Amino acid sequence: MKILKWVWKFIWKLMLWFFILSIGFTILYRFVPIPITPLMVIRLVEQATDEKKEMRLYKDWVTMSETSKHAPQAVYASEDQKFLDHNGFDLEAMNKAWEGNKKGKRIKGASTITQQTVKNVFLWPSRSYIRKGLEAYFTVLVELIWSKERIMEVYLNVIEMGEGIYGIEAAAQTYYNKPAAKLNRSQSAMIAAVLPNPRRWTPARPTPYIVGRQGWIMRQMNNLAPLGYGI
């Protein structure tokens, strides 16, 4: 009995500290730049253990006011056109993905910008039920504590955009030799076009498929209301 009581007490304390730390870091990250993410650490370990790769971590935090208005508009059009309307979950897309999975089809678009931000900032790459549960928990927290503008700002700064390249500023400097503030519509759409798999595709050498995605994104940018600052 003493062992069971000790185990229960340990689990209870562990859960309490998890809630305290998770809420604390979510509040902290509402105001300060994210210094590093689990994915960045994982990629660094992969680079260190692969003789063919060099150690590379290129990131440079920029605020929304220091970012071209076309960049958030492009990822908004490409990744999550219901970003302003949902509470972190696109239930319609999730249902389509669920039905598609049952039929053996791959359906893109169930993951919102909020969920992708959460996965990058707080979690690790995995398809386990535990990770999905934590993703849902942090998505609720982030939507409650952060503004939509902050979610977009963090997303644009932490998302992987190439081998060792993270965030819109690093991508703009690497692929176009200019700051994120100077990106035009075409360049922003090209960066957004490779986001589904930035280690396979690159704005530097776009495939016909990526060029097609870029065109589609630019048309969607025209059809959507501008995503201004203060969102």
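Predicted model: local features only at pLDDT ≥ 70, side-chain atom pairs only at ≥ 80, totals over all residues.
Local features need pLDDT of at least 70 and side-chain atom pairs count only at pLDDT 80 or more, while totals for chains, interfaces and linings use all residues. Residues are numbered from 1 along each chain as its sequence is written, and side-chain values use heavy atoms, with hydrogens and water left out.

**View 1. Helix α8 against helix α9.**
Helix α8 spans residues 168–176. Helix α9 covers residues 185–193. Both are DSSP runs (H or I, at least four residues), numbered from the N terminus. The two helices pack at an angle of about 110 degrees, with axes 11 Å apart. Axes are lines fitted to C-alpha atoms over the stretch in contact, and angles run from 0 to 180 degrees between N-to-C directions. α8 is therefore roughly perpendicular to α9 (65 to 115 degrees). From α8, I168, A171, A172 and Y176 meet Q187, M190 and I191 of α9. By class, this contact has six nonpolar, one polar and no charged residues. Ala, Val, Leu, Ile, Met, Phe, Trp, Tyr, Cys and Pro count as nonpolar; Asp, Glu, Lys and Arg as charged; the others, Gly among them, as polar.

Q187 lies in α9. Its relative accessible area is 13%, so Q187 is buried (under 20%, 1.4 Å probe, protein chains only). Leaving aside neighbours within four places in sequence, Q187 is in contact with Y176, K178 and K182 (heavy atoms within 4.5 Å).

**View 2. The largest nonpolar core.**
This core has 48 residues. A nonpolar core is a set of buried Ala, Val, Leu, Ile, Met, Phe, Trp, Tyr and Cys residues joined through side-chain atoms within 4.5 Å. F122, M152, M161, I168 and I217 have the most contacts inside it. Helices that each supply at least two residues include α3 (70–79), α7 (148–158) and α10 (208–223). The largest share, six residues, comes from α7. Not counting residues up to four places away in sequence, M152 touches M64, P72, V75, Y76, F83, I113, L227 and I231.

Q73 sits in helix α3. At 7% relative accessibility, Q73 counts as buried. Its touching residues, not counting those up to four places away in sequence, are M221, L224, A225, P226 and L227. Q73 and P226 are 153 residues apart along the chain, yet their C-alpha atoms are separated by 6.8 Å. A polar atom of the Q73 side chain lies 3.4 Å from the backbone oxygen of M221.

How values were computed. Buried < 20%, exposed > 50% of the residue type's maximum accessible area, 1.4 Å probe, protein only. Parallel < 35°, antiparallel > 145°, perpendicular 65-115°, else oblique. Polar contact = N/O pair within 3.5 Å; in protein donor to acceptor, adjacent residues only side chain to side chain.
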